[in-house]
Amino acid sequence: MYSYDNMTQEQIIQLIKCAKFADLAVSEDNKPYCIPMYYSHGFQDGKLIIYMESSDCGKKISCIKNNANVCVAIERSSERGMESAVIFGKAIILKHINECHKDEQFQCCSSIKITVTEMSGRLYKHCRL
């Protein structure tokens, strides 16, 4: 049987620093849409900010334009067990005018800036036989 401990805010921030990608969940017409994405993070005015890159067109961009409430899930496996964080926030689209991809299918790209409003995390300990 698995057991877990709640993670502190400092442990969640450490997970955000160490993990490589996150799942971004948005909603359109009460239908959830979730996609894995690379991310970066920072702090602005004492608030945690998560940044994700995206093409200007696509479902996630149109969803965010209609509903700024998003959820981000980040997880990783470590020697201690499975670390998992669920992060809620408000997203805005930051438009980039200059080229950011060499691929011709992307003529322009945007950053998704998520201001974190709430987060929680758990450390799931490995099974012991």
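The aromatic rings here make one pair, counting rings of Phe, Tyr and Trp (its six-membered ring) whose centres lie within 6.5 Å. That pair is Y4 with Y124, and it is tilted, at 5.6 Å centre to centre and 50° between the planes (planes under 30 degrees apart would be stacked, over 60 edge-to-face, and the rest are tilted). The pair ties together distant parts of the chain, 120 residues apart: Y4 belongs to strand β1 (residues 3-6) and Y124 to strand β8 (residues 109-125).

Keep in mind that this is a predicted model: local features need pLDDT of at least 70, side-chain atom pairs count only at pLDDT 80 or more, and totals for chains, interfaces and linings use all residues. Residues are numbered from 1 along each chain as its sequence is written, and side-chain values use heavy atoms, with hydrogens and water left out.

**Around the rings**
- Y4 is partly exposed at 39% relative accessible area, and Y124 is partly exposed too, at 29% (buried is under 20%, exposed over 50%, partly exposed in between, with a 1.4 Å probe and protein chains only).
- R122 sits over the face of Y4, 3.9 Å from the ring centre (the rule asks for NZ of Lys or CZ of Arg within 6 Å of the centre and within 35 degrees of the ring normal).
- K59 has its charged end over the ring of Y33, 5.5 Å from the centre.

**Overall layout**
- The protein chain has two helices and eight strands, taken as DSSP runs (H or I, at least four residues, for helices; E, at least two, for strands) numbered from the N terminus.
- Along the sequence, they run β-α-β-β-β-β-α-β-β-β.
- Of the chain's 129 residues, 34% count as buried.

**The core**
- What makes up the largest nonpolar core? There are 28 residues in it, and L24, M52, I74, I112 and I114 have the most contacts inside.
- Such a core is a set of buried Ala, Val, Leu, Ile, Met, Phe, Trp, Tyr and Cys residues joined through side-chain atoms within 4.5 Å.
- Strand β8 gives this core its largest share, five residues.
- L24 touches, among others, Y33, C34, M52, I112 and I114, leaving aside residues up to four places away in sequence (contact means heavy atoms within 4.5 Å).

**Cysteines**
- The whole structure has zero disulfides, meaning pairs of cysteine sulfur atoms within 2.5 Å.
- For C34, the closest cysteine sulfur is in C71, 8.1 Å away, so that is too far for a bond.
- C18 is partly exposed, at 34% relative accessibility.
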